[in-house]
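This report describes selected elements and residues of one protein model. The sequence and structure are shown first, and the description follows.

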Amino acid sequence: MRKAFIPILMLLFFACAPKDKTTQPKEGIWQARLTVKDNQILPFNFELKRIGGDTHHIKILNGEETILVDEITIQGDSILIKAPVFEGYITAKLTNESMQGVFVIESLERMVPFEADFGLEQRFSNVETSLTNVSGIWETEFSPGTEDSYMGKGIFTQKDGIVSGTFRTTTGDYRYLEGVMDKDSLKISAFDGAHAFLFQAKVTDSSMNGTFYSGNHFKEPFVAMRNELYELPSPDSLTFIKEGYDKFDFSFPNLVGEMVSLSDPSFQNKVVIVQLMGSWCPNCLDESKFLVDYLENHKNEDLAIIALAFEQAKTKERALQSIQRLKDRIGISYPILLAQYGSYDKEKAQQKLPMLNHVLSYPTTIFVDKKGGVRKIHTGFNGPATGNKYEEFKKEFNSFLQELLTE
């Protein structure tokens, strides 16, 4: 029943909408709330603006990040809000000052209850004075004491009880997190139109003990301690070519079905960046935006970029649509090949690329020199939310690429 229900959910909302009158939501700041696992509330803010007629834009606000949403349809008392790039959407019943509905990702068969109210400018409501300050670096372990444990690095700034920052991991970062210190409780969240993250923790001057929620389908505990000197393992040391393989190669179809291989003449005698990614992946989106910007500002005939997409969409048609939407929305000019659809399972991905010891993260970036040799494999991507780390990455990327291009 659920599989049949999700794809037609949007149609049901609009089929019931009265046709003779369109509800106009108020312009300004709204507080939205998603009900995630354990009935916890994940809040975020957005700014709604009427552009003209029945055209509206929304800006999702996550700390320093602003996400423009320009695909909004209002029919009668129903509203449809489609996330930019990602496939997620919000469909809700609407009044001038409220919304109530669901956030949906069809390919993953996920629905998260959603509501929003106009005029509530605080991200977290009913907050009391903070008893401690979380500014600084936190050595973090997620799912501690289990076989699924992994390390992270919390990077936070707090001013007047307002907290911003992120958690870095070896596979990427957890976006622009924003929230509060409520007495001794840290509450931070992010929503980007596809991913809903909520972190809650009890905090002392030197420790955290909390829970990470991802939508209403996943949660895990985490612990952290202050450690200003803590660093994660180098992202260039985690993925490598296995012994017995003398080169990296692949053959996958492009968006019109033509098979493309790294051994094709168009890639010979060039430095090639191979990006393992997915249109559903926020860190991949950050990296793709970076690569688009890099190509625009560093045109070089000796450089080529090619992406291998591992898609969550259940059908090939939907996967290709998602990839094309990504290309169109952020202006990707380099080819994206469909490596896998129906699942982004990393073990299956590794089977498609058996020369790699594993596929640990989306994205993973492989640097191939002009002679076809793999010179570096960078696991994950820490984007603009990581601040100085992102600036360091850009300098290292440019320096290393220039070295390869001049060889």
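The expected span of a helix is 1.5 Å times one less than its number of residues. The model discussed here is predicted.

**Helix α2**

Helix α2 covers residues 282–297, 16 residues in total, and its first and last C-alpha atoms lie 23 Å apart, close to the expected 22 Å. The helix is mostly covered, with 12 of its 16 residues buried. Among these buried residues are Cys284, Leu285, Phe290, Leu291, Val292 and Leu295, and the set also includes the charged-type residues Asp286 and Glu287. The elements that cover the buried residues of α2 include the strands β13 (172–173), β21 (271–277), β22 (303–310) and β24 (364–368), together with the helices α3 (316–330) and α5 (388–405).

**Strand β15 and its two partners**

Strand β15 (residues 185–191) is also mostly covered: six of its seven residues are buried. β15 pairs with strand β14 (residues 177–182) and with strand β16 (residues 196–203). The two pairings are set out below.

| Strand pair | Sense | Bridges | Bridge partners | Residues between strands | Positive phi |
|---|---|---|---|---|---|
| β15 and β16 | antiparallel | seven | Lys187 and Gln200 | four | Gly193, about 95° |

**Val163**

Val163 belongs to strand β12 (residues 162–169). Its relative accessible area is 0%, so Val163 counts as buried, the cut-off being under 20%. Beyond its neighbours within four places in sequence, Val163 contacts residues including Val134, Phe156, Leu177, Glu178, Val180, Met181, Leu186 and Ile188. One of these contacts, Met181, is 18 residues from Val163 along the chain, and their C-alpha atoms are separated by 6.9 Å.

**Glu220**

Where does Glu220 lie? Glu220 is part of strand β18 (residues 218–226). Glu220 is buried but has no salt bridge, and the nearest side chain of opposite charge, that of Lys346, is 11 Å away. A salt bridge would need a side-chain nitrogen of Lys or Arg within 4 Å of a carboxyl oxygen. The side chain of Glu220 does make a polar contact of 2.6 Å with the side chain of Ser143. Leaving out residues up to four places away in sequence, Glu220 touches Phe142, Ser143, Tyr150, Tyr174, Gly210, Thr211 and Phe212.

Methods. Residues are numbered from 1 along each chain as its sequence is written. This is a predicted model: local features need pLDDT of at least 70, side-chain atom pairs count only at pLDDT 80 or more; totals for chains, interfaces and linings use all residues. Side-chain values use heavy atoms; hydrogens and water are left out. Helices (H or I, at least four residues) and strands (E, at least two) are DSSP runs, numbered from the N terminus. Buried means under 20% relative accessible area, exposed over 50%, partly exposed in between (1.4 Å probe, protein chains only). A polar contact is a pair of N or O atoms within 3.5 Å; within protein, one must be able to donate a hydrogen and the other to accept it, and residues adjacent in sequence count only if both atoms are side-chain atoms. Contact means heavy atoms within 4.5 Å. Two strands pair if DSSP finds at least two bridges between them.
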